[in-house]
Amino acid sequence: MRSIFICIAGALLASQASWAARPFTAEDAAVEDPGVCHLEAWIDHAAESQHNHVAPACGLPHGLELVLELDAPSQHRTEVHAIASALRWAPESWVWQGWRFGGKLSSAHERAPGDGKHHYAGWSALAIASHAWNDQWSTHLNLGHAHDRIGREDATVFGAALTYSPHERVMLFAEINGDNHYTPTQAAGMRYWLIQDVLGLDATVSKANATPNSTTWGIGFGWYGLRF
């Protein structure tokens, strides 16, 4: 919880409504406007580990968005630290039959326990499609390719999320994410807007069926509409 409150304080110093992929993991085909940023932070807790995440993102011209993510495990002496950077692209003209399309290109660096610096770990490229069926229901689909440089492995990755908003301040979701090598991970959760479209709180639960005792619980927040 201490990590979350520190991040909220940092966001408040910057100042304000947009929509992002959190709390679900699947990407949505939307980007921030140029000069507008958001900050998302969350904690994932499993049976034997806890990971703290901070992910700022800022809109650039021409439908681009720059995204960073820091993954800092609580057991820093035994678990890998990771830093990821990405460019999302979703121009307003990429719309067809109610579907909005986008793409994401990302790379990651990891620091192993006992190592003094991060090393290049791999890259991924993702195609994104989103559709708002009405004011309550939306679908988000992902398909792409990932290269794991450290594990020397390539994979086809996919994701799908369904969201439902029974109230303007509440969003519920269910999703599935995975690749062609492992059993997919299933997740569900909700977001509650403390300040509509500006400050939201998240709660999530996920399970990787291929791993026993793999249930992960998460809490987090998103602060949107920050300007620079």
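A: C37 counts as buried because its relative accessibility is 9%, where buried means under 20% relative accessible area, exposed over 50% and partly exposed in between, with a 1.4 Å probe and protein chains only. The model is predicted: local features need pLDDT of at least 70, side-chain atom pairs count only at pLDDT 80 or more, and totals for chains, interfaces and linings use all residues. Residues are numbered from 1 along each chain as its sequence is written, and side-chain values use heavy atoms, with hydrogens and water left out.

C37 forms a disulfide with C58, S to S 2.0 Å; the term covers a pair of cysteine sulfur atoms within 2.5 Å. The count is 1 disulfide. Its S-S torsion is about 105 degrees, so the bond between C37 and C58 is right-handed. The two cysteines are 21 residues apart, C37 in strand 1 and C58 in strand 2 (residues 50–60). Strands are DSSP runs of E, at least two residues, numbered from the N terminus. C58 is partly exposed, at 25% relative accessibility.

Beyond its neighbours within four places in sequence, L199 is in contact (heavy atoms within 4.5 Å) with Y192, W193, L194, F221, G222 and W223.

Key:
Helix = DSSP H or I, 4+ residues; strand = E, 2+ residues; numbered from the N terminus.
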